[in-house]
Amino acid sequence: MTLHFTVHGSGDPRLSFLHGFTQTSKSWVSPASAIRGGTKQFIDAPDHGKSQGQSLNLAEAGNAVAEIALESTLIGYSMGARIALHAVLQNPKAFNGVVLVRGTAGIADDQERMNRKLDDEALACSIEDKGNEAFIREWVQQPLFANSRFSEEDIADRLRNSASSLASSLRLCGTGTQRSLWDDLKNI
């Protein structure tokens, strides 16, 4: 299963970008423009942007990303960082490097991980109940994003994601579904 991606530029360095939950591949275009030259690939994560309807768990998403981002430096933010970590651990020789921003190698404690999975399920149900627009406008108001500014263009881009796709993404790629990878980090 191939995820949607776009390519900007050519040559080295080769960089591949994975966005966070509710975002799309367009979320990385502006920040990546600060990097001059090279090839930049912007990947829509499973159930986001033009990859909606492609529901993959973290391991499947990691392999799908590896097919696209071969021989590049993989850069992921939040959910994209979790997917990138899976991609690199499952395909350690496929990448030139990896940059993980605000991601995690998982929750080591079984009970804490189960609690997070329950929280992710509750959030998924809430998204389905209230709809995408109400959810997105609420989501960007969280204290986590207190120092962030969201343009109407950014909100509109996030609104391309359907409520059912975002709910699916949480159920398959949420932090609660991720097995702890802390002990695997030494392998990369």
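**View 1. Both faces of strand 4 are covered.** Five of the five residues of strand 4 (residues 73-77) are buried, so the strand is largely enclosed by the rest of the structure. Helices (H or I, at least four residues) and strands (E, at least two) are DSSP runs, numbered from the N terminus. This is a predicted model, in which local features need pLDDT of at least 70 and side-chain atom pairs count only at pLDDT 80 or more, while totals for chains, interfaces and linings use all residues. Residues are numbered from 1 along each chain as its sequence is written, and side-chain values use heavy atoms, with hydrogens and water left out.

**View 2. Strand 4 pairs with strand 2 and with strand 5.** Two strands pair if DSSP finds at least two bridges between them. Strand 2 (residues 14-18) runs parallel to strand 4 over four bridges, and here Phe 17 has Ile 75 as its bridge partner. Strand 5 (residues 97-101) is also parallel to strand 4, over five bridges. Look for Val 99 of strand 5 opposite Ile 75.

**View 3. Thr 39 lies in strand 3 (residues 38-43).** Buried or exposed, where does Thr 39 stand? At 9% relative accessibility, Thr 39 counts as buried. The Thr 39 side chain reaches the backbone oxygen of Gly 11 at 2.7 Å. Beyond neighbours within four places in sequence, the residues in contact with Thr 39 include Val 7, His 8, Pro 13 and Leu 15 (contact means heavy atoms within 4.5 Å).

**View 4. Helix 2 (residues 58-68) packs on helix 3 (residues 79-90).** Two packed helices are described by the angle between their axes and the distance between the axes. Axes are lines fitted to C-alpha atoms, for helices over the stretch in contact, and angles run from 0 to 180 degrees between N-to-C directions. Helix 2 and helix 3 meet at an angle of about 70 degrees, with their axes 7 Å apart, which makes helix 2 roughly perpendicular to helix 3 (65 to 115 degrees; under 35 is roughly parallel, over 145 roughly antiparallel and the rest oblique). Among the residues making the contact are Leu 58, Ala 61 and Val 65 of helix 2 and Ile 83, His 86 and Ala 87 of helix 3. By class, this contact has six nonpolar, four polar and one charged residues (Ala, Val, Leu, Ile, Met, Phe, Trp, Tyr, Cys and Pro count as nonpolar, Asp, Glu, Lys and Arg as charged, and the others, Gly among them, as polar).

**View 5. Helix 4 (residues 110-130) meets helix 5 (residues 132-139).** Their axes come within 6 Å and cross at roughly 125 degrees, which makes helix 4 oblique to helix 5. The contact divides into five nonpolar, one polar and two charged residues.

**View 6. Ile 127 of helix 4 and Trp 139 of helix 5.** Ile 127 is buried, with a relative accessible area of 0%, and Trp 139 is buried at 16%. Ile 127 touches Phe 21, Ala 163, Leu 166 and Leu 170, among others. The partners of Trp 139 include Phe 21, Thr 22, Phe 145 and Arg 158.

Technical notes
Buried means under 20% relative accessible area, exposed over 50%, partly exposed in between (1.4 Å probe, protein chains only). A polar contact is a pair of N or O atoms within 3.5 Å; within protein, one must be able to donate a hydrogen and the other to accept it, and residues adjacent in sequence count only if both atoms are side-chain atoms.
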